[in-house]
Amino acid sequence: MKTGFTKKILPNGLTVLVHPDPDTRMGCLNIMVKVGSRDEDPEHTGFAHLFEHLMFSGSQHIPSYDQVAQSIGAENNAFTSNDLTDYYLTFPAHQLEVALWLERDRMSHPVIDQNALDTQKSVVIEEFKQRYLNQPYGDAWLELRNLAYSVHPYRWATIGKELAHIEKATLEVVLDFKNRFYAPDRMILAVSGPYESEHVVETVQRWFGDWAPSGYQAGPRPQEPVQNGIRRLDKHGSFPAPALYMAFHMPGRGDAAYQACDLITDVLSRGQSSRLFRDLVMDRGLFSDLNAYVTGDMDPGLLVVSGHCAPGVEVDRAENAVWESLERLRHEEITDFERDKSLHQIESSLVFARLQGLNMAMNLCYFEYLSRAEDYDLELDRYRAVTPTMIREQAFTILQPSNASVLRYIPSDHES
């Protein structure tokens, strides 16, 4: 598959990608900011996510972003990850100028004063409490990341390492964050829709071309040392059932071995014929649910196996059964059926993603940030090149106790 797109880097450093799609009446605008939780200071975490919230507080010429967006029939949202912050907008194609005006004004001139900061801090603090602190297993990723990583900034979640970092966030520190990261040379902008590429580039130049770059260059991030022994944390409390989380270090998103690692998780838990589901959920009834997945981080990330024990099953017994299954995967050949089934599902997902303009714009931005936008066309071929032997070799390397961090939730009325 070959994606038709145009790439232009403006003099101020803004990367512009245009994907013409004559078969739609909708336009899509995606702006990817090269900042995520991995770029934060260890003493000021959660700022990338906090700043995403601040970007909806109004801007110099647009008091209410959502009100204007809704008035032109547009839909918008944003998200923050460990690696990036992404803002996207879909709109009737003839409203491209309004869409670019909306994004330029809030990207370069957001209203960030004490009142806006206090309001969004309250929103994020409440989100922190509701999602991470006030529900069973809610702090799993806070605990698991801190257990698995010792020096890399992936050791805290996007919400932040602790509530106090958001509570104590000052206007001075937040504005410094904006000045470093929210600038054209830290952004990738993609447009998809029924447009001529030259026209879009000229229009983006008109709206964004006079915006000065920040010139900020981040220093090298700490590299996580090789783990040389299993790490464990048991949490006792009022949990509905025992729960198990096992995290294994794996290559990052741009590594040649990434696709093989991703296919490991499909062999383990994708669909009712997958190994873990068939053996430990259906046949032996040890888990009520059990999943394997990768975090997909740009830097070396995690392959995770997680699940909740079935009623009456102790966590020790359940964990031992998972280790037995992983050990078989490390030494047994992966069948062609297992590999082909996973590949067909991935191929279907990748092909259908190309039918939506927003997915195209977002993926072009992502691959441009990761390496180059052209590599989006190589993704399916990279999965197709993975052999059953390559999957088993990666499983042998990754799925071993010395590379594992194990978090267990044990109800107070259970013995571990």
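Which side chain meets that of Glu 338 in a salt bridge, and at what N to O distance?

Mentor: This is a predicted model, in which local features need pLDDT of at least 70 and side-chain atom pairs count only at pLDDT 80 or more, while totals for chains, interfaces and linings use all residues. Residues are numbered from 1 along each chain as its sequence is written, and side-chain values use heavy atoms, with hydrogens and water left out.

The side chain of Glu 338 meets that of Arg 275 in a salt bridge at 2.8 Å, N to O. The pair links distant parts of the chain, 63 residues apart: Glu 338 is in helix H12 (residues 336-353) and Arg 275 is in helix H10 (residues 275-283). A salt bridge here is a side-chain nitrogen of Lys or Arg within 4 Å of a carboxyl oxygen of Asp or Glu. Helices (H or I, at least four residues) and strands (E, at least two) are DSSP runs, numbered from the N terminus. Glu 338 is buried at 12% relative accessibility, and Arg 275 is buried with a relative accessible area of 12%. Buried means under 20% relative accessible area, exposed over 50%, and partly exposed in between (1.4 Å probe, protein chains only).

The whole structure holds 31 salt bridges. In one of them, Asp 234 is joined to Arg 408, with the closest N and O atoms 2.9 Å apart. Asp 234 is partly exposed at 30%, whereas Arg 408 is buried at 6%. Another salt bridge joins Arg 382 to Asp 375, their closest N and O atoms being 4.0 Å apart. Arg 382 is partly exposed at 34%, and Asp 375 is buried at 7%.

Salt bridges also form a network that links Arg 38, Asp 39, Asp 83, Arg 221 and Asp 299. Asn 82 is found in the loop between strand S4 (75-80) and strand S5 (85-92), and is buried with a relative accessible area of 7%. Its side chain makes a polar contact of 3.0 Å with the side chain of Arg 145. A polar contact is a pair of N or O atoms within 3.5 Å; within protein, one must be able to donate a hydrogen and the other to accept it, and residues adjacent in sequence count only if both atoms are side-chain atoms.

S4 and S5 belong to an open sheet of six strands, in the order S1-S2-S6-S3-S5-S4, with mixed pairing. Strand S1 (6-9) and S4 are the edge strands, each pairing on one side only. Two strands pair if DSSP finds at least two bridges between them. Strand S2 (residues 15-20) and strand S6 (residues 187-193) pair in the parallel sense over six bridges, and Val 18 has Val 191 in S6 as its bridge partner.
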